[in-house]
Amino acid sequence: MPMLKTGIFVDAENIRICGGYGMRYNVLASLAGCGHSVLLRANSYIAEDRERTKDPEYRTKLYHYQDVIRQCGFKVIKKFVKHFLDDEGILTTKANADMDLAIDALLQARNLDRIILLTGDGDFVRLILALQNMGCRVEVIGFKNVSNALRETADSYTSGYLIPGLLPVTSSENGEELKGRLRGVAVSYKADRGFGFMRYYSLSEQGLSPETLFFHCSQAVDVHDSMFLDSSNIFEFSLYRNPGNENRLEAREIRHVTGDRPEHVS
């Protein structure tokens, strides 16, 4: 089977403010190179406020972050924030890299078979259609507030919460990373009996593989029963081997992470 030439385009500001803060670019690069795929292009479009970079502490932190992205094989494209007064005299800021991303994707798509687009912005629907008409497969990854039209137009949509390791699982108490925790969605839930199955992904050299395991609602703290009936809800859980049930793997210590239902309709 021929290798798919893959490109990644990250709308970093949209991802940052829509639930993807702290996303690991090395995991994203690994995902793009799985299976019959080779990563050729990887761009991240980042806003930089030159007023704020006058602060040495902020500048050091920002440039370190950009260096980490580069070390993961990504080209960093900066869009400098502009400050201006509107008609009412209110100071506003703007740093929209949509045009830069769209032009680069269209130009570079001539040498690509597959494009992974990280954003939730519905303004990219027309770009997706153009890329598809050029023969590219377009896969979208987003977190919160993802445009419904964007999901429907893409060849596939995957919640970034469900990609193992892409977003660290942290403790709500102290923010420390929790090892061994997984994220998934409830499927085939039997409300009258209080059990169902949790679908999640594993990531290997072949790519993302769906997995399922049993869960009981009694293992979910502060989760209303009806939430398991909505496939947009994402849950976090631990694996447990139940000695009382032939050592079958089950999901335990379940907690709700987020509702993934689109909030934009455009």
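Guide: A salt bridge is a side-chain nitrogen of Lys or Arg within 4 Å of a carboxyl oxygen of Asp or Glu. Keep that cut-off in mind. The model here is predicted.

Visitor: Where do the side chains of Glu236 and Arg255 meet, and how far apart are N and O?

Guide: Side chains of opposite charge can pair when their charged atoms come close. Here Glu236 and Arg255 meet in a salt bridge, at 3.1 Å from N to O. The pair links distant parts of the chain. Glu236 is in strand β12 (residues 233–242), Arg255 is in strand β13, and 19 residues separate them.

Visitor: Is Glu236 buried or exposed?

Guide: Buried means under 20% relative accessible area. Glu236 has 1%, so Glu236 counts as buried. Arg255 is partly exposed, at 32%.

Visitor: How many salt bridges does the structure hold?

Guide: The structure holds twelve. Take Arg70 and Asp67 as another case. Their closest N and O atoms are 3.1 Å apart. Both residues lie in helix α3 (residues 56–71). Three residues separate them, about one turn of the helix. Arg70 is partly exposed at 38% relative accessible area. Asp67 is partly exposed too, at 37%.

Visitor: Which parts of the chain does the pair of Asp100 and Lys79 link?

Guide: First, the contact. The side chains of Asp100 and Lys79 form a salt bridge, 3.3 Å from N to O. Asp100 sits in helix α4 (residues 98–108), and Lys79 sits in strand β3 (residues 75–80). These are distant parts of the chain, 21 residues apart. Asp100 is partly exposed at 25%, and Lys79 is partly exposed at 27%.

Visitor: Now the strands. Which strands make up the closed barrel?

Guide: Strands of a sheet pair through backbone hydrogen bonds, either parallel or antiparallel. In this model, five strands form a closed barrel in the order β9-β10-β11-β13-β12, with mixed pairing. The twist averages 50° from one strand to the next.

Visitor: In what sense do β11 and β13 pair?

Guide: Strand β11 (residues 207–216) and strand β13 (residues 248–259) pair in the parallel sense, over two bridges. Find Phe215 on your screen. Phe215 stands opposite Ala251 in β13.

Visitor: How do I read a pair of rings?

Guide: Check the distance between centres, then the angle between planes. Planes over 60 degrees apart count as edge-to-face. The rings of Phe197 and Phe214 have centres 6.2 Å apart and planes at 80°, so this pair is edge-to-face. Phe197 is in strand β10 (residues 195–204) and Phe214 is in strand β11, 17 residues apart. Phe197 is partly exposed at 33%, whereas Phe214 is buried at 15%.

Visitor: What are the centre distance and plane angle for Phe228 and Phe235?

Guide: Their centres are 4.9 Å apart, with 35° between the planes. That pair is tilted. Phe228 is buried at 2%. Phe235 is buried at 0%.

Visitor: Which ring does the charged end of Arg248 sit over?

Guide: The charged end of Arg248 sits over the ring of Phe214, 4.6 Å from the ring centre. The charged end of Arg50 sits over the ring of Phe80, 4.1 Å from the ring centre.

How values were computed. Residues are numbered from 1 along each chain as its sequence is written. This is a predicted model: local features need pLDDT of at least 70, side-chain atom pairs count only at pLDDT 80 or more; totals for chains, interfaces and linings use all residues. Side-chain values use heavy atoms; hydrogens and water are left out. Two strands pair if DSSP finds at least two bridges between them. Helices (H or I, at least four residues) and strands (E, at least two) are DSSP runs, numbered from the N terminus. Axes are lines fitted to C-alpha atoms, for helices over the stretch in contact, and angles run from 0 to 180 degrees between N-to-C directions. Buried means under 20% relative accessible area, exposed over 50%, partly exposed in between (1.4 Å probe, protein chains only). Rings of Phe, Tyr and Trp (its six-membered ring) pair if their centres lie within 6.5 Å; planes under 30 degrees apart count as stacked, over 60 as edge-to-face and the rest as tilted. A charge sits over a ring if NZ of Lys or CZ of Arg is within 6 Å of the ring centre and within 35 degrees of the ring normal.
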